[in-house]
Amino acid sequence: TLAEFGNWPWPRDRMALLFERIAEAKPAVVAVDILLAGNSGGAVADARLATALARNPTVLATVLDPELGTATMPSVALAVSGPVAVPGMLKMPGLVPPAQTLHAQAKGLGVISLPAPEGQPVRSVLLLSGGGKALLAGLGVETLRVAAGGGPLIASAPPQMLRIGDIALPLP
């Protein structure tokens, strides 16, 4: 693909073509593990990409930001039962969301920030995190939530569990 289409990032109209082709397969959910921030392709290219993303239930990526950002995002729908505690949950004061045009077409937003020391392999993937004043699901959790019909996540204790549809994962 690099030889044929060039280096990353691809133009948004090229990505729109890719998502149009993916939509033909009618997937249950599409998770985009790429931050599509800003308006890098212009209004027309972003509109085409937004239309392509809207053809399937899509989960877009957001990134935690150590700087205080101005982006506001809704918290994940989370029901809590019992004394749930998630010590050491990754929290940052800011967020970098996807472009608003694309965000409006998404069925979910998931965090792709992964905690690992510089140059070290990632040993864990976030289930939940805090960004700005929002509680956010990791990309994998949010993808499962959307695929399961988009209901709320359920955190319960004891034992500490996070339920995503019929799937239960231990917390933290």
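This is a predicted model: local features need pLDDT of at least 70, side-chain atom pairs count only at pLDDT 80 or more; totals for chains, interfaces and linings use all residues.
Three strands form an open sheet in the order E4-E7-E8, and their pairing is mixed. Strand E4 (91-92) and strand E8 (134-137) are found at the edges; each has a single partner strand, so one side of each is left without a neighbour in the sheet. Strand E7 covers residues 128-131 and runs antiparallel to E8, with four bridges joining the two. Within this pairing, Gly-130 has Leu-135 in E8 as its bridge partner.

Glu-142 belongs to helix H5, which spans residues 139-147. Its relative accessibility is 4%, and because buried means under 20%, Glu-142 counts as buried. Beyond its neighbours within four places in sequence, Glu-142 touches a run of residues from Lys-107 through Gly-108 and Leu-109 to Gly-110, and is also in contact with Val-59, Val-76 and Ala-137. One of these contacts, Ala-137, lies at the end of the range given for strand E8 (134-137).

The other buried residue sits in a loop. Asn-56 is placed between helix H3 (42-53) and strand E2 (58-65). With a relative accessible area of 8%, Asn-56 is likewise buried, as the value falls under the 20% cut-off. When neighbours within four places in sequence are left aside, the contacts of Asn-56 are Ile-22, Ala-23, Lys-26, Pro-27 and Val-30.

Terms used
Residues are numbered from 1 along each chain as its sequence is written. Side-chain values use heavy atoms; hydrogens and water are left out. Buried means under 20% relative accessible area, exposed over 50%, partly exposed in between (1.4 Å probe, protein chains only). Contact means heavy atoms within 4.5 Å. Two strands pair if DSSP finds at least two bridges between them.
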